[in-house]
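Please read the points below alongside the model. They cover a surface patch, a helix pair and the salt bridges.

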Amino acid sequence: MWLTGLSGAGKSTVSARLRELFHDASILAAFLDGDVLRAWFAADAGHDHQTRLRLAQSYAALCQELAGRGINVVCSTISMFHSVRRWNRAHNRRYVEIYLRVPREELIRRDPKGLYARRDGKMIGIDTLFEEPDDPDLVIDNHGAMDAESAAEAILAMIAARKEDL
């Protein structure tokens, strides 16, 4: 599962709730967070287009490797490139893409990391290109009445409807 959305869309929060639901259902999965992956593998890397693309491709390859070994993988990352998401779909038989969509005004209001307030010319979706997913399996408008619990339950319901084994 590839959870994507802009910074502040709730990817990490929804993933944390999804992890609890998986645990309660005895579903084993590796949960990977884009911020943690960057800290592990490229903490000192830049934020230019090529570096972001290279890292996104690395995350996709890691997920493919784990999934190829029979491990359920949930990766929460901004995933700003069509090419990476298309590669995932072409190379992962059970690939599921979930887009957490949040209006820009709400992202700026939330701003849990202070990124939108800082606006150093590198804000994805505002100052740099975010290629909005063009064919996600599920779109969750993650604002207003939607909370992490409801979003996680919607993801599980979608998986169950697809009759995917987890």
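**Notes on the predicted model**

1. Val36, Trp40 and Phe41 make a nonpolar surface patch of about 360 Å². Patches take residues with over 30% relative accessible area and no salt bridge, nonpolar side chains (Val, Leu, Ile, Met, Phe, Trp, Tyr) being joined within 5 Å and like charges within 9 Å. Areas are from the Shrake-Rupley method with a 1.4 Å probe, and for residues only the protein chains shown count as cover. Phe41, in helix 2 (residues 34-42), is exposed at 57% relative accessible area (exposed is over 50%, buried under 20%, partly exposed in between).

2. This is a predicted model, in which local features need pLDDT of at least 70 and side-chain atom pairs count only at pLDDT 80 or more, while totals for chains, interfaces and linings use all residues. Residues are numbered from 1 along each chain as its sequence is written, and side-chain values use heavy atoms, leaving out hydrogens and water.

3. The structure holds 10 salt bridges (a side-chain nitrogen of Lys or Arg within 4 Å of a carboxyl oxygen of Asp or Glu). In one of them, the closest N and O atoms of Arg17 and Glu149 are 2.2 Å apart. Arg17 lies in helix 1 (residues 11-24) and Glu149 in helix 7 (residues 148-162), so the pair ties together parts 132 residues apart in sequence. Helices are DSSP runs (H or I, at least four residues), numbered from the N terminus. Arg17 is buried at 18% relative accessibility; Glu149 is partly exposed at 27%.

4. Glu65 and Arg69 also form a salt bridge, with closest N and O atoms 2.6 Å apart. Arg69 is exposed, at 62% relative accessible area.

Key:
Helix = DSSP H or I, 4+ residues; strand = E, 2+ residues; numbered from the N terminus. Buried < 20%, exposed > 50% of the residue type's maximum accessible area, 1.4 Å probe, protein only.
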